[in-house]
Amino acid sequence: KMNDIISPPSKWVSEMIARIEPGGTLIDIACGRGRHSIEFSKKFFIYSVDKNNEFLNNLKNNMNIKTICQDLENQQKWSFSDKKFNVVLVTNYLFREKLNAIFSLVDLNGYIIYETFAIGNEKYGRPSNPNYLLKKNELLLFKPDNFDTIEFFEGLKIENSKKSIVQRLFAKRIS
């Protein structure tokens with residue numbers, strides 16, 4: 001239902017965003033209801049991408065948000081794949097076939113902030129399908145050589161009394 005309460009932004013994502021100069025563009029990949037898009041639109045111009053147009057409709061009144069309705073997992077070229085962004089944000093989303101494409105959206109001296117579920121999460125609930133769970137150190141292994149790792153974490157996350165196993169990467173594109 002559309003009147004569902006939008007969950008608050010990830011605490012870790014908010015901490016990483018606080019370390020980045022305001023201004024420029026941020027793309028929120030698979031943004032869902034837009035909890036991060038709304039929060040960070042005070043600091044950046046946001047491109048909110050999701051395949052659910054109903055979710056995106058909630059964001060359309062925000063002057064600092066451009067919505068892009070696109071299925072990220074079909075063979076169609078992304079409408080934004082030729083653009084570069086100061087910040088590329090991905091939370092609770094994994095589609096391995098396009099991981100390289102996601103990294104390629106980061107502009108020189110820009111950042112990627114990635115937080116999603118990892119192996120072990122099946123103990124705590126969904127997702128439990130290994131296709132949607134990162135393997136050990138997988139984000140580090142996917143990270144191109146022209147990125148410097150600022151922060152990496154793998155393990156238990158407890159937020160709003162909900163437990164999950166996550167992997168997090170905060171990295172900067174240096175060349």
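**Close-up 1. Ser37 and its surroundings.** Leaving out residues up to four places away in sequence, Ser37 touches Asp28, Cys31, Ile46, Ser48, Leu59 and Ile65, where a contact means heavy atoms within 4.5 Å. The model shown here is a predicted one, in which local features need pLDDT of at least 70 and side-chain atom pairs count only at pLDDT 80 or more, while totals for chains, interfaces and linings use all residues. Residues are numbered from 1 along each chain as its sequence is written, and side-chain values use heavy atoms, with hydrogens and water left out. Ser37 sits in helix 2; helices (H or I, at least four residues) and strands (E, at least two) are DSSP runs numbered from the N terminus. With a relative accessible area of 0%, Ser37 is buried. Buried stands for under 20% relative accessible area, exposed for over 50%, and partly exposed for in between (1.4 Å probe, protein chains only). The side chains of Ser37 and Ser48 are joined by a polar contact of 2.7 Å. That term covers a pair of N or O atoms within 3.5 Å; within protein, one must be able to donate a hydrogen and the other to accept it, and residues adjacent in sequence count only if both atoms are side-chain atoms.

**Close-up 2. The largest nonpolar core.** This core has 29 residues, and the ones that touch the most other members are Ile27, Ile29, Leu72, Phe80, Val88, Ile112 and Tyr114. At least two core residues come from each of strand 1 (25-29), strand 2 (45-50), strand 4 (85-91), helix 4 (99-103), strand 5 (106-117) and strand 7 (162-173). A nonpolar core here is a set of buried Ala, Val, Leu, Ile, Met, Phe, Trp, Tyr and Cys residues joined through side-chain atoms within 4.5 Å. As background, nonpolar side chains tend to be buried together in soluble globular proteins. Zoom in on Leu72: setting aside residues up to four places away in sequence, Leu72 touches Ile29, Ala30, Val49, Trp78, Phe80, Tyr93, Phe95 and Lys98.

**Close-up 3. Val87 in strand 4.** Val87 is found in strand 4 and counts as buried, at 0% relative accessibility. What does Val87 contact, leaving aside its neighbours within four places in sequence? The list is Ile17, Ile20, Thr25, Leu26, Ile27, Phe44, Tyr111 and Ile113. Val87 and Leu140 are 53 residues apart along the chain, and their C-alpha atoms are separated by 18 Å.

**Close-up 4. The largest pocket.** About 790 Å³ of space lies in this pocket, and 28 residues line it. Those nearest its centre are Ser7, Arg35, Thr91, Asn92 and Phe117. Helix 2 (35-40), strand 6 (147-159) and strand 7 each put at least two residues into the lining. Sorted by class, the lining has nine nonpolar, nine polar and 10 charged residues. For that sorting, Ala, Val, Leu, Ile, Met, Phe, Trp, Tyr, Cys and Pro are nonpolar, Asp, Glu, Lys and Arg are charged, and the others, Gly among them, are polar. On a 1 Å grid over the protein atoms alone, a pocket is an open set of points where a 1.4 Å probe fits, with protein on both sides within 12 Å along at least five of seven lines; lining residues have an atom within 4 Å of a point. Grid points are joined across faces, edges and corners, and the volume is the space filled by probe spheres set on the points.

Close-up 5. Pro127 is in the loop between strand 5 and helix 5 (138-142), and the peptide bond leading from Arg126 to Pro127 is cis, with omega near -5 degrees. Asn137 is found in the loop between strand 5 and helix 5 too. Phi of Asn137 is near 60 degrees, a positive value in a residue other than glycine, and Asn137 is partly exposed at 27% relative accessibility. Asn160 lies in the loop between strand 6 and strand 7, with phi near 50 degrees, again positive in a non-glycine residue. Is Asn160 buried or exposed? Asn160 is exposed, with a relative accessible area of 54%.

Close-up 6. Phe153, in strand 6, is partly exposed at a relative accessible area of 29%. Neighbours within four places in sequence aside, Phe153 is in contact with Val166, Gln167 and Arg168. Ile174 is in the segment after strand 7 and is partly exposed, with a relative accessible area of 41%. Not counting residues up to four places away in sequence, Ile174 touches Leu108, Asn146, Phe147 and Asp148.
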